[in-house]
Amino acid sequence: MKISSSKRLTIVGKTGKGKTYLLRNLLIKVLSRTILILICDIKHDYHRIREMGKLETFNFDLKSGVFRYKVQNEEDFRRFNKVVWQRVSSRKNRRVIVLFDEISMYIGNNQLAKYPFHKKMLLMGRAYGIGLWYAIQRPALVDKSILSQSSYIISFQMDDLRDLSAISAYVNPEEIRKLKPFWYLYYDDSADKVVKHAPV
Ligand SMILES: Nc1ncnc2c1ncn2[C@@H]1O[C@H](COP(=O)(O)OP(=O)(O)OP(=O)(O)O)[C@@H](O)[C@H]1O
Ligand SMILES: [Mg+2]
């Protein structure tokens, strides 16, 4: 599985199927070719990333490294998006990944308009070298443009009919329903194909 760090990646799947585990794996793979990784750690799943020397502050210097932000509420989330967009969009040499795990705790269906800086990042970030990564438990409950703007969609097992319908344009819902724990389907829009992967 080849991941270009300036593209958008969305991982969907029911709770406990392996989204965060795979994201941590992918992060480690791209570390050496990425200047900056900013993690919006809503569920505090990335405390081990501390070993990589990140800071838990908004006063980052944006040179290099991994920065993890504890996000406790919607206000933190808004602030995170604003600071990241303002600083990153004014830089020249950019290779930045911004990771949101689990975005649906904040962004509901068609709610992106409520978060103008997040929307800017989603719609214009690519031009600034910002690769957005998302983990989403319930794709039916988040703004549709997150999936439609994704170059890579990775799906773990899901069985809710609305969630299956939300991803049906990209991967076969029947295959998603039958996936075993930690198995996933990988969709790459540039190759326009879907590959089934065994657990990492
Ligand atoms: N490929 C794997 N091999 C072995 N264990 C795994 C694998 N993927 C995940 N696990 C384990 O399964 C558990 C759930 O995984 P994980 O936290 O990644 O799920 P998740 O999809 O992020 O769930 P949630 O939506 O609740 O955040 C964890 O204890 C994790 O260590
Ligand atoms: Mg998780």
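Reply: The shell around ligand 1 divides into four nonpolar, six polar and three charged residues. That shell has 13 residues. Gly 18, Lys 19, Thr 20, Tyr 21 and Pro 199 come nearest to the ligand. Bear in mind that this is a predicted model.

Now the strand. Take E4, residues 96–101. E4 is mostly covered, with six of its six residues buried. The cover is on both faces. One side carries Val 96, Val 98 and Phe 100, and these are buried.

What does Val 98 touch, leaving aside residues up to four places away in sequence? The partners are Leu 38, Val 84, Met 121, Ile 130 and Leu 132.

Next, the pairing. E4 pairs with strand E2, residues 36–41, in the parallel sense over five bridges. Here Leu 36 stands opposite Val 96. E4 also pairs with E5, again in the parallel sense, over six bridges. In that pair, Ile 97 has Gly 131 of E5 as its bridge partner. The chain gets from E4 to E5 by way of helix H3, residues 116–124. This β-α-β crossover is right-handed.

Last, the backbone angles. Most residues other than glycine have a negative phi. Two residues here go the other way. His 44 has a phi near 55 degrees, a positive value in a non-glycine residue. It sits in the loop between E2 and strand E3, residues 65–70. Is His 44 buried or exposed? His 44 counts as exposed, because it has 10 C-beta neighbours inside 10 Å, and the cut-off for exposed is 12 or fewer.

Phe 182 has a phi near 75 degrees, also positive and also not in a glycine. Its place is the loop between helix H6 (173–177) and strand E7 (184–188). Phe 182 has 17 other C-beta atoms within 10 Å, so it is partly exposed. Buried would take 20 or more.

Methods
Residues are numbered from 1 along each chain as its sequence is written. Chains are lettered from A and ligands numbered from 1 in the order in which they are written. This is a predicted model: local features need pLDDT of at least 70, side-chain atom pairs count only at pLDDT 80 or more; totals for chains, interfaces and linings use all residues. A residue is near a molecule or strand if its C-beta atom, placed from the backbone, lies within 6 Å of it. Ala, Val, Leu, Ile, Met, Phe, Trp, Tyr, Cys and Pro count as nonpolar, Asp, Glu, Lys and Arg as charged, and the others, Gly among them, as polar. Two residues are in contact if their C-beta atoms, placed from the backbone, lie within 7 Å. Helices (H or I, at least four residues) and strands (E, at least two) are DSSP runs, numbered from the N terminus. Two strands pair if DSSP finds at least two bridges between them. A crossover is right-handed if, with the strands pointing away from the viewer, the path from the first strand over the helix to the second runs clockwise.
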